[in-house]
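Reader: I would like a close look at one part of this model, and then at whatever can be said around it. Please give the cut-offs as you go.

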Amino acid sequence: MIKIKIKNNLEELNKLTNIIEGFCAENDIGMKITFQLNLIFEEIITNIVSYGYNDKSSHDIMVELDLKDDLLTCVISDDGISFDPLIVEKPKLDEGVEERKIGGLGIHFVKSMINDISYKRNNGKNILKFTKKINPEA
Amino acid sequence: MEIAKRKQDDKLIISLNGRLDANTAGSLEQELVPLIKAGETKIVLDMDMLEYISSAGLRVLLMCMKMLRKQEGTMTLARMKDFIKEVFDIAGFTPIFEIVDSVEDV
């Protein structure tokens with residue numbers, strides 16, 4: 001299992017990407033799943049950094065990755081304002097270009113690319129946990 | 001993220017090299033918006049060297065597409081990698097853009 005601590009700014013995404021790519025390479029996780037994991041984490045972290053805090057202070061966001069056999073379990077926790085991504089409405093995907101809303105896609109990507117997801121608010125923290133099956137060929 | 005531009009007849013071909021994410025989407029927006037405002041109507045994005053895209057990148061493309069539509073313009077996406085195409089599929093963006101295999105197909 002690896003634990004990563006990042007600060008609540010978007011530049012930290014580069015650091016996280018490097019760590020995820022290293023983790024995937026070490027565990028023989030292919031390009032497609034590596035890409036999806038980077039996307040999932042970017043969408044979740046971007047949401048936390050952009051909407052999670054009302055103050056200007058620095059905050060820690062914790063990321064855990066745990067691979068057992070072909071199942072990857074990830075936990076992301078932050079001390080930002082309460083936010084449950086599970087209740088975010090799915091964007092209207094069949095609208096034409098004029099009607100399509102800009103935004104709202106990030107959480108939809110996350111939900112489309114993982115197997116299980118759960119959320120809890122505990123001691124002032126958002127704790128988001130998801131699992132993803134790692135297909136060795138992908 | 002490297003953004004290169006070239007004009008070929010009435011087409012403006014923009015090559016994207018690298019990652020289009022929350023940190024780089026702003027630079028693409030700054031490149032594209034003034035060009036569309038200046039009246040470009042046929043924009044081709046060459047995605048052969050694009051390694052990664054997230055919702056931040058899609059947001060810029062949708063915004064530009066909305067602007068282009070108002071001036072009867074088009075945006076064509078060429079040489080998309082499979083895993084990037086899948087993101088467009090999940091987003092429901094595939095019918096919104098014209099997607100081609102080669103820049104010459106435009």
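**A loop residue and the helices**

Author: D28(A) counts as exposed because there are 8 C-beta neighbours inside 10 Å; a residue is exposed with 12 or fewer other C-beta atoms within 10 Å of its own, buried with 20 or more, and partly exposed in between, the C-beta atoms being placed from the backbone. This is a predicted model, in which local features need pLDDT of at least 70 and side-chain atom pairs count only at pLDDT 80 or more, while totals for chains, interfaces and linings use all residues. Residues are numbered from 1 along each chain as its sequence is written, and chains are lettered from A and ligands numbered from 1 in the order in which they are written.

D28(A) is not a glycine, yet its phi is positive, about 55°. Its place is the loop between α1 (12-26) and α2 (31-51) of chain A; helices (H or I, at least four residues) and strands (E, at least two) are DSSP runs numbered from the N terminus.

α2(A) also figures in the contact between the chains. That contact takes 22 residues from chain A and 20 residues from chain B, two residues being in contact if their C-beta atoms, placed from the backbone, lie within 7 Å. On the side of chain A, the elements giving two or more residues are α1, α2 and α3 (105-113). α2(A) provides the largest share, 7 residues. By class, that side has 9 nonpolar, 6 polar and 7 charged residues, where Ala, Val, Leu, Ile, Met, Phe, Trp, Tyr, Cys and Pro are nonpolar, Asp, Glu, Lys and Arg charged, and the others, Gly among them, polar.

Chain B has positive phi values too. D9(B), in the loop between β1 (2-8) and β2 (11-20) of chain B, has a phi near 55° and is not a glycine. D9(B) is exposed because 6 other C-beta atoms lie within 10 Å. E72(B), which follows α2(B), has a positive phi near 55°.

In chain B, α1 (residues 25-37) and α2 (residues 55-70) pack at an angle of about 10° with axes 9 Å apart; axes are lines fitted to C-alpha atoms, for helices over the stretch in contact, and angles run from 0 to 180 degrees between N-to-C directions. α1(B) is therefore roughly parallel to α2(B), since angles under 35 degrees count as such, over 145 as roughly antiparallel, 65 to 115 as roughly perpendicular and the rest as oblique. The contact residues divide into 9 nonpolar, 1 polar and 2 charged. Buried residues of α2(B) include L58(B), L61(B) and M65(B).
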